[in-house]
Amino acid sequence: MSDAETIRSAFAGEIEAGLARDAVDRAIAALDRGQLRTAVKEGGEWLVNEWVKEAILLYFRLRDMETFEIGPYEYHDKIPLKKGLAEQGVRLVPPGTVRYGAHCEPGVIVMPGFVNIGARVGAGSMVDTWATVGSCAQVGRDVHLSGGVGIGGVLEPPGARPVIIEDGAFIGSRSIVVEGTIVEERAVLGANTVITRSTPIIDVTGPEPVEYRGRVPAGSIVVPGTRPKEFPSGSYDLSCALIIGRRSPATDEKTSLNDFLRELDVQV
């Protein structure tokens with residue numbers, strides 16, 4: 001059987017998990033090197049590699065807890081930390097953490113943040129201070145995750161789509177993106193924007209509102225908002241996200257992104 005078939009059989013309980021140990025180890029090593037991904041974009045659609053996520057879950061099951069020390073820090077965990085960062089062209093600032101089984105392309109900078117197993121961060125991207133990239137999240141190239149950003153992990157069920165942040169996106173401070181949401185290319189989330197699979201994302205730039213869920217359209221500039229909803233006890237404002245503008249090559253050439261956002265009163 002191929003490694004994928006072995007892992008699928010072990011995860012389904014058709015064979016003992018221990019019989020898949022070598023296949024699982026090879027899969028996690030390939031994830032770490034960037035040769036495998038938990039999700040890939042094909043034909044404009046993101047497809048989940050379910051068996052790769054099953055390999056991660058089996059890896060947790062098969063690994064024993066161990067204590068290891070790095071300088072003054074002591075860790076007690078099942079998964080080691082990523083190694084060979086200099087050779088891979090990755091800058092990791094103490095006490096930032098990249099777990100083994102995550103892949104960072106050359107030019108990635110991780111400040112004191114966290115990148116979990118199965119995640120991938122593209123070349124030239126910044127994971128700023130106390131930002132987290134959850135398990136299996138796919139962060140594109142030239143993305144900026146500002147301080148305190150939370151990119152959620154989606155490991156179970158194995159077929160569930162992870163959070164996707166596409167190339168050139170800018171995620172403002174303390175924003176949260178979870179539940180398999182896609183932030184498309186060059187989109188901007190203002191500070192404190194929360195996007196879940198069910199969050200109404202409302203384009204208010206035209207004569208009529210246009211609503212999205214689970215997807216922030218490419219180039220959108222998004223800020224936190226509210227909208228009223230009726231309940232038996234009265235009307236209350238619930239959270240939503242508002243698309244208040246669009247990035248374009250013209251605006252990006254005319255001024256810096258930060259200056260453009262200030263013109264729109266977007267806090268980042």
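1. Let us start with contacts across the chain. Among contacts (heavy atoms within 4.5 Å) in the protein between residues at least 6 apart in sequence, 38% join residues at least 24 apart. Please keep in mind that this is a predicted model, where local features need pLDDT of at least 70, side-chain atom pairs count only at pLDDT 80 or more, and totals for chains, interfaces and linings use all residues. Residues are numbered from 1 along each chain as its sequence is written, and side-chain values use heavy atoms, with hydrogens and water left out.

2. Next, the overall form. Along the principal axes, the C-alpha atoms fill a box of roughly 60 × 45 × 40 Å. Of the 268 residues, 49% count as buried, where buried means under 20% relative accessible area, exposed over 50%, and partly exposed in between (1.4 Å probe, protein chains only).

3. Now the secondary structure: six helices and 26 strands. Helices (H or I, at least four residues) and strands (E, at least two) are DSSP runs, numbered from the N terminus.

4. The buried residues of α2 include Ala 23, Val 24, Ile 28 and Leu 31. Their cover includes α1 (3-11), α3 (50-62) and β7 (103-104). Just after α2, Gly 34 takes a positive phi of about 85°.

5. Compare that with α3. Its end C-alpha atoms are 18 Å apart, which agrees with the 18 Å that 13 residues should span at 1.5 Å a residue. Ten of the 13 residues of α3 are buried, so this helix is largely enclosed by the rest of the structure. Among them are Trp 51, Lys 53, Glu 54 and Tyr 59. The cover over the buried residues of α3 includes α1, α2 and β2 (45-48).

6. Two single residues deserve a visit. Ser 9 is found in helix α1 and counts as buried because its relative accessibility is 10%. Leaving out residues up to four places away in sequence, Ser 9 touches Met 1, Glu 14 and Ile 15. Thr 199 sits in the loop between β21 (194-195) and β22 (201-203), and counts as buried at 8% relative accessibility. Beyond its neighbours within four places in sequence, Thr 199 is in contact with Val 194, Tyr 212, Arg 213, Cys 240 and Ala 241.

7. Finally, some backbone details to find in the model. Most residues other than glycine have a negative phi, and most peptide bonds are trans. Which peptide bond near omega -5° is cis? The bond from Pro 94 to Pro 95, and Pro 95 lies in the loop between β5 (91-92) and β6 (97-98). Another cis peptide bond joins Glu 156 and Pro 157, with omega about -10°. Trp 130 has a positive phi near 65° and counts as exposed at 54% relative accessibility. Glu 179 has a positive phi of about 60° and is partly exposed, with a relative accessible area of 43%.

Technical notes
The expected span of a helix is 1.5 Å times one less than its number of residues.
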